[in-house]
Amino acid sequence: MVFKAATFHGAELYLESEQVRRSALESAVANALAVAGGIDASDVTVTAAGQEIRLDGSVATYGEVRGATAVAESIPGVRLVRNRIAVG
């Protein structure tokens, strides 16, 4: 019997652990936005790609846009925040 390392089409399996990390980062940012004072993040979605966070949706003021960016940047593991939140 021959034993081989676990691979998927020749590439090492890592998707599950990457998916877990991405979900944890998204949850951490979303939870921080939910409890942050002065930000109504009910219409904001958080998406992670690696250590990059993308914020989409809308808020009422430009101050909330800046606040959402600051909150996301403060989360450990976040290296870059792409803010696509609209005011209105």
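In strand 5, Arg82 is the bridge partner of Arg54. Welcome to a predicted model, in which local features need pLDDT of at least 70, side-chain atom pairs count only at pLDDT 80 or more, and totals for chains, interfaces and linings use all residues. Residues are numbered from 1 along each chain as its sequence is written, and side-chain values use heavy atoms, with hydrogens and water left out.

Let us begin with the overall layout. The protein has 2 helices and 5 strands; these are DSSP runs numbered from the N terminus, with helices (H or I) of at least four residues and strands (E) of at least two. Along the sequence they follow the pattern β-β-α-β-β-α-β. Of the 88 residues, 28% count as buried, where buried means under 20% relative accessible area, exposed over 50%, and partly exposed in between (1.4 Å probe, protein chains only).

Now to the strands themselves, which pair if DSSP finds at least two bridges between them. Strand 3 (residues 44-49) runs antiparallel to strand 4, with 6 bridges, and Thr47 stands opposite Arg54 of strand 4. The hairpin of these strands has 2 residues between them, and Gly50 takes a positive phi near 65 degrees there. Strand 4 also pairs with strand 5, this time in the parallel sense over 8 bridges. Together with helix 2 (residues 62-73), strand 4 and strand 5 form a right-handed β-α-β unit; right-handed means that, with the strands pointing away from the viewer, the path from the first strand over the helix to the second runs clockwise.

What about charged side chains? Side chains of opposite charge can pair when their charged atoms come close. A salt bridge is a side-chain nitrogen of Lys or Arg within 4 Å of a carboxyl oxygen of Asp or Glu, and by this rule the protein has 2 salt bridges.

| Salt bridge | N to O distance |
|---|---|
| Glu52 and Arg82 | 2.8 Å |
| Asp56 and Arg54 | 2.8 Å |

Glu52 and Arg82 form a salt bridge. This pair links distant parts of the chain, 30 residues apart: Glu52 belongs to strand 4 (residues 52-59) and Arg82 to strand 5 (residues 80-87). Glu52 is partly exposed, at 25% relative accessible area, and Arg82 is partly exposed at 39%. In the pair of Asp56 and Arg54, Asp56 is buried with a relative accessible area of 17%, while Arg54 is partly exposed at 36%.
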